[in-house]
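Trainee: I am new to this structure, and I would like to understand the words that are used to describe it. Could we look at it together and go through them?

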Amino acid sequence: MASQLLPQHVQDLGPHKDVSLDFGRDESKPRLRLSVKAAKWLRTILSDPSTRNLFMFLLINLSFAFVELFYGMWTNSLGLISDSFHMFFDCTALLAGLVATLVSRWRANERFSFG
């Protein structure tokens with residue numbers, strides 16, 4: 001009874017063979033590497049002046065936050081450490097704005113008719 005539930009190619013292997021199943025992987029679609037996806041996002045960000053300026057400001061703000069955190073920890077300054085965390089939260093807001101700017105430029109398709 002249980003052998004009738006298995007596909008024929010699994011039944012042909014027999015009980016002594018090692019079977020490794022990969023559920024959910026569609027072999028017809030190639031996997032995109034993370035670096036390819038990141039390069040595509042970066043190209044999209046740098047192509048528009050407004051998103052490029054927002055991205056550069058995010059990088060500058062993030063670098064100052066790390067410098068401020070480093071010096072705050074080095075000098076045991078609670079004021080510098082707390083301000084660096086404040087800047088990190090500012091960076092999350094800038095990142096949310098950058099993502100919103102990119103999402104607003106998506107085009108409508110058959111799945112998402114609103115873009």
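Mentor: What follows is a conversation about the terms used for this structure and the values behind them.

Trainee: What kind of model is this, and how are its residues numbered?

Mentor: This is a predicted model, in which local features need pLDDT of at least 70, side-chain atom pairs count only at pLDDT 80 or more, and totals for chains, interfaces and linings use all residues. Residues are numbered from 1 along each chain as its sequence is written, and side-chain values use heavy atoms, with hydrogens and water left out.

Trainee: What is the average pLDDT of the protein chain, and where does pLDDT stay under 50?

Mentor: On pLDDT, the predictor's confidence in each residue from 0 to 100, the protein chain averages 81, and 71% of the residues score at least 70. Over residues 16-22 pLDDT stays under 50, and there the model has one contact beyond four places in sequence, where contact means heavy atoms within 4.5 Å.

Trainee: Why is H3 called roughly perpendicular to H4?

Mentor: Helix H3 (residues 34-47) and helix H4 (residues 49-74) pack at an angle of about 110 degrees, with their axes 5 Å apart. Angles under 35 degrees count as roughly parallel, over 145 as roughly antiparallel, 65 to 115 as roughly perpendicular and the rest as oblique, so H3 is roughly perpendicular to H4. The axes are lines fitted to C-alpha atoms, for helices over the stretch in contact, and the angles run from 0 to 180 degrees between N-to-C directions.

Trainee: Which residues of H3 and H4 meet there?

Mentor: From H3, Leu42, Thr44, Ile45, Leu46 and Ser47 meet Pro49, Thr51, Arg52, Phe55 and Met56 of H4. Sorted by class, this contact of H3 with H4 has six nonpolar, three polar and one charged residues, where Ala, Val, Leu, Ile, Met, Phe, Trp, Tyr, Cys and Pro count as nonpolar, Asp, Glu, Lys and Arg as charged, and the others, Gly among them, as polar.

Trainee: What makes Thr44 partly exposed, and what does Thr44 touch?

Mentor: Buried means under 20% relative accessible area, exposed over 50%, and partly exposed in between (1.4 Å probe, protein chains only). Thr44 has 30% relative accessibility and therefore counts as partly exposed. Not counting residues up to four places away in sequence, Thr44 touches Thr51, Leu102 and Arg105, and the C-alpha atoms of Thr44 and Leu102, 58 residues apart along the chain, are separated by 8.0 Å.

Trainee: How do you know whether Asn61 and Ile60 are buried or partly exposed?

Mentor: Asn61, which is found in helix H4, has a relative accessible area of 10% and is therefore buried. Leaving aside neighbours within four places in sequence, Asn61 is in contact with Met87, Asp90, Cys91 and Leu94. Ile60, also found in helix H4, has a relative accessible area of 45% and is therefore partly exposed.

Trainee: Why is the pair of Phe70 and Tyr71 called edge-to-face?

Mentor: Rings of Phe, Tyr and Trp (its six-membered ring) pair if their centres lie within 6.5 Å, and planes under 30 degrees apart count as stacked, over 60 as edge-to-face and the rest as tilted. The structure holds five aromatic pairs. In one of them, Phe70 and Tyr71 are 5.4 Å apart centre to centre with 65 degrees between the planes, and this pair is edge-to-face. Tyr71 and Trp74 form a pair at 5.7 Å centre to centre with 35 degrees between the planes, and this pair is tilted.

Trainee: What makes Trp74 exposed?

Mentor: Trp74 has 63% relative accessibility and so counts as exposed, and Phe70, at 52%, counts as exposed too.

Trainee: What is the phi of Asn76, and where is Asn76 placed?

Mentor: The phi of Asn76 is near 55 degrees, a positive value in a residue other than glycine. Most residues other than glycine have a negative phi. Asn76 is in the loop between H4 and helix H5 (78-104), and at 69% relative accessibility Asn76 counts as exposed.

How values were computed:
Helix = DSSP H or I, 4+ residues; strand = E, 2+ residues; numbered from the N terminus.
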